[in-house]
Amino acid sequence: MTEIFGIPIQAFMGQLMLGLVNGSFYAMLSLGLAVIFGMLNIINFAHGALYMAGAMLAWMGLNYFGIGYWWSLLLAPLGVGVIGIFIERSMLQWLYKLDHLYGLLLTFGLALILEGLFRDLYGVSGLPYSIPEEFAGAYNLGFMFLPKYRAWVILASLLVCFATWFVIEKTRLGAYLRAATENPKLTQAFGINVPLMVMLTYGFGVALAGFAGVLAAPAMQISPLMGSNLIIVVFAVVVIGGMGSILGSIVTGLGLGVIEGLTKVFYPEASSTVVFIIMAIVLLVRPAGLFGREK
Amino acid sequence: MKRKLIGALVGAAVVSLAAGQAFAQKGAAKLSGDMVKIGVLTDMSGVYSDLGGQGSVTAAQMAIDDFKAQAKPSWKIELVYADHQNKADVGSNKAREWYDTQGVDMITDALNSAVALAVSKVTLEKKRILLDTGAASTRLTNEDCSPNTVHYVYDTYALANGPGKAVTKQGKDSWYFLTADYAFGHSLEKDTMDAVKANGGKVIGAVRHPLNASDFSSFLLQAQASKAKVVGLANAGGDTINSIKAANEFGLTKTQTIVGLLTTIIDIHALGLPTTQGMMFTEGFYWNLNNETREWSRKFFGKHKKMPSMLHAGTYSAVMTYLKAVQATGTDEADAVMKHLKATTINDMFAKGGKIREDGRMVHDMYLVEVKKPAESKEPWDYYNIKAVIPGSEAFQPMSLSRCPLVKK
């Protein structure tokens with residue numbers, strides 16, 4: 001059997017694939033963070049909690065109202081988006097002119113409150129959410145046994161990431177958004193409703209987190225702590241990709257997922273730290289991140 | 001919030017004392033602070049809070065209420081609780097504060113081995129009592145044993161031995177381990193490996209994963225590639241839950257047997273029977289065992305809205321046993337109470353013929369359980385078939401292997 005670094009090529013390919021699945025989650029979450037940071041200058045620490053809220057909403061929809069997976073995929077992100085808009089209107093909008101630290105502290109506090117709320121309601125062991133019937137079973141790829149659901153996760157996240165990138169970089173709406181980021185006063189003078197755009201951007205950014213949450217629900221146990229376990233890694237991804245860079249966060253998210261996956265084979269003990277080692281190196285060499293522009 | 005509540009409790013205690021409620025009754029016990037004070041030190045908000053947490057507080061309160069109703073003591077009993085956040089320093093500081101300034105006589109629960117070891121040291125120093133119902137490490141009754149500590153419910157030896165022996169003897173004799181990369185995981189892995197080898201099995205390999213890993217599919221793929229007949233999960237809480245979930249998704253459950261080494265009814269409830277059916281592991285308590293356990297557990301369910309874990313049942317039993325000992329000896333002085341405890345045979349809904357050994361190990365029967373198929377389950381929480389009752393003498397590490405300096409050989 002062919003081997004790569006002493007590991008059978010089949011196992012190697014399998015781990016690459018799994019890395020890509022995890023990378024998809026990183027990409028979607030870091031994309032939302034990048035959009036929010038890029039447009040609002042807010043370091044959104046509540047992102048992990050809102051990802052968890054997306055998964056929770058899917059579970060509640062199924063168990064209290066009989067809403068299935070596909071509708072949840074649409075409705076839960078909408079719900080999270082509405083929560084986001086409420087947060088932006090009632091609290092965040094007063095912080096844009098202040099130091100980053102205030103936004104960070106506020107959203108961190110919100111994350112703790114949200115997590116505490118769900119922990120109080122459902123405990124920490126989490127809730128089961130079964131894989132939708134369409135995706136039961138697995139593909140035999142020859143080199144590995146890939147559950148259909150994981151394949152769908154990769155596909156869905158790539159679609160969402162591409163659509164977001166396309167809207168922001170290639171459409172008129174995206175151009176307005178970028179202009180509003182660059183110079184809000186001037187953009188407003190051209191008759192564009194900047195506060196509305198900012199509000200919708202935050203809503204959209206957290207809806208992405210909610211979407212990732214629903215995608216994660218069948219694959220992982222839904223628990224109040226699922227967001228906080230992930231969010232630190234996602235922040236590292238954003239920093240490596242370059243704060244506020246859309247393409248950067250997508251590419252780095254997928255890339256780091258793969259690197260982390262391979263670490264799990266070669267030296268599993270380091271798999272939770274490898275991302276941070278890379279972050280330190282990148283910051284030393286390119287302080288603005290791989291895809292970031294220095295201001 | 002919690003701190004406020006404790007503050008309120010302490011405040012109430014001070015007021016009631018100041019009001020001059022002297023204990024002049026006949027035959028009144030010689031008690032420090034004229035009362036017995038019990039502290040539940042547990043994880044109230046982290047990964048283990050469903051295992052212990054508020055449920056342990058509820059169980060301790062039930063024991064106090066039941067004791068008051070049965071024995072009608074002339075002295076007062078108070079309960080305090082705190083969150084140790086799974087941090088050894090927070091736990092030992094809290095214990096010190098309780099012993100020094102609040103007159104706590106006995107601490108219970110103390111889940112998380114690191115916290116338990118730290119609190120056990122403080123307890124010895126302050127000459128009080130620790131009835132540990134939550135921690136797993138066998139160090140508590142070996143290298144770090146203490147005359148003031150009782151390890152009440154389970155330990156890694158008991159968890160490892162049941163499935164290690166039973167599963168290997170079924171012919172599933174090659175094992176691969178998925179191990180949480182910290183003291184508890186290593187200890188559970190080692191104890192199970194020993195049990196497997198002692199019963200003629202072999203260990204093919206192990207992969208160490210970080211605590212609270214977000215995704216286990218990669219580790220499980222390695223376990224799958226190992227072609228071992230059994231995959232042992234030497235981890236706990238959320239890590240076990242996510243490992244089992246991923247094992248199902250990747251089809252491991254079809255070809256290999258998954259053994260959760262520290263799995264409790266809380267995990268099974270969180271995952272559901274379709275995912276967990278057929279799993280085998282060791283439990284210290286099951287609510288649906290007999291009339292006595294059912295009656296107590298339903299009462300617990302009425303208050304907590306969940307069936308008890310072995311930690312909850314153990315905490316009830318420990319508090320009740322302790323209070324009976326205080327009544328019998330007429331004092332809350334640790335040495336006297338401990339002497340009485342070690343001479344007592346514990347018979348209640350948790351333990352039958354339970355004995356506390358010299359090294360602090362409470363020896364009682366454990367149960368090897370198998371998770372029911374969804375069709376077999378007749379009601380909510382009806383999850384286990386009891387495959388074997390492991391007598392205490394076999395379940396726990398024999399005294400001949402003890403590394404505890406207190407044990408005279």
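The largest nonpolar core in this predicted model has 220 residues. Those with the most contacts inside the core are Met28(A), Leu29(A), Ala55(A), Ala212(A), Val234(A) and Val119(B). Helix H1 of chain A, residues 9-40, supplies the largest share of this core, namely 17 residues. On the side of chain B, the core draws at least three residues from each of domain 1 and domain 2. As general background, nonpolar side chains in soluble globular proteins tend to be buried together.

Let me take one member of that list. Which residues does Val234(A) touch, leaving aside its neighbours within four places in sequence? They are Tyr26(A), Leu29(A), Ser30(A) and Leu33(A).

I turn now to the contact between the chains. Here, 28 residues of chain A are in contact with 32 residues of chain B. The elements of chain A that give two or more residues to this side are H1, strand E4 (145-147), helix H9 (226-241) and helix H10 (246-266). Of these, H1(A) gives the most, with 5 residues. By class, the side of chain A that touches chain B divides into 13 nonpolar, 12 polar and 3 charged residues.

A word on confidence in chain A. Its mean pLDDT is 88, and 97% of its residues reach 70 or more. Confidence in chain A is lowest in strand E1, residues 3-4, at a mean of 65, and highest in helix H3, residues 69-90, at 95.

Next, the domains of chain B. The assignment gives domain 1 as 2-14 + 30-154 + 290-360 and domain 2 as 157-283 + 367-393. Their C-alpha centres lie 29 Å apart. The contact between them takes 13 residues from domain 1 of chain B and 14 residues from domain 2 of chain B. On the domain 1 side, the residues in that contact are 8 nonpolar, 4 polar and 1 charged.

Is Asp359(B) buried or exposed? Asp359(B) counts as buried because there are 24 C-beta neighbours inside 10 Å, where the cut-off for a buried residue is 20 or more. Beyond its neighbours within four places in sequence, Asp359(B) is in contact with Thr141(B), Cys145(B), Ser402(B), Cys404(B), Leu406(B) and Val407(B). Ser32(B) is 327 residues away from Asp359(B) along the chain, and the C-alpha atoms of the two are separated by 27 Å.

Definitions and conventions: Residues numbered from 1 in each chain as written. Chains lettered and ligands numbered in written order. Predicted model: local features only at pLDDT ≥ 70, side-chain atom pairs only at ≥ 80, totals over all residues. Core = buried A, V, L, I, M, F, W, Y, C linked by C-beta atoms within 7 Å. Buried ≥ 20, exposed ≤ 12 C-beta atoms within 10 Å, placed from the backbone. Helix = DSSP H or I, 4+ residues; strand = E, 2+ residues; numbered from the N terminus. Domains from an automatic or database assignment. Contact = placed C-beta atoms within 7 Å. pLDDT = per-residue confidence, 0-100. Nonpolar A, V, L, I, M, F, W, Y, C, P; charged D, E, K, R; others polar.
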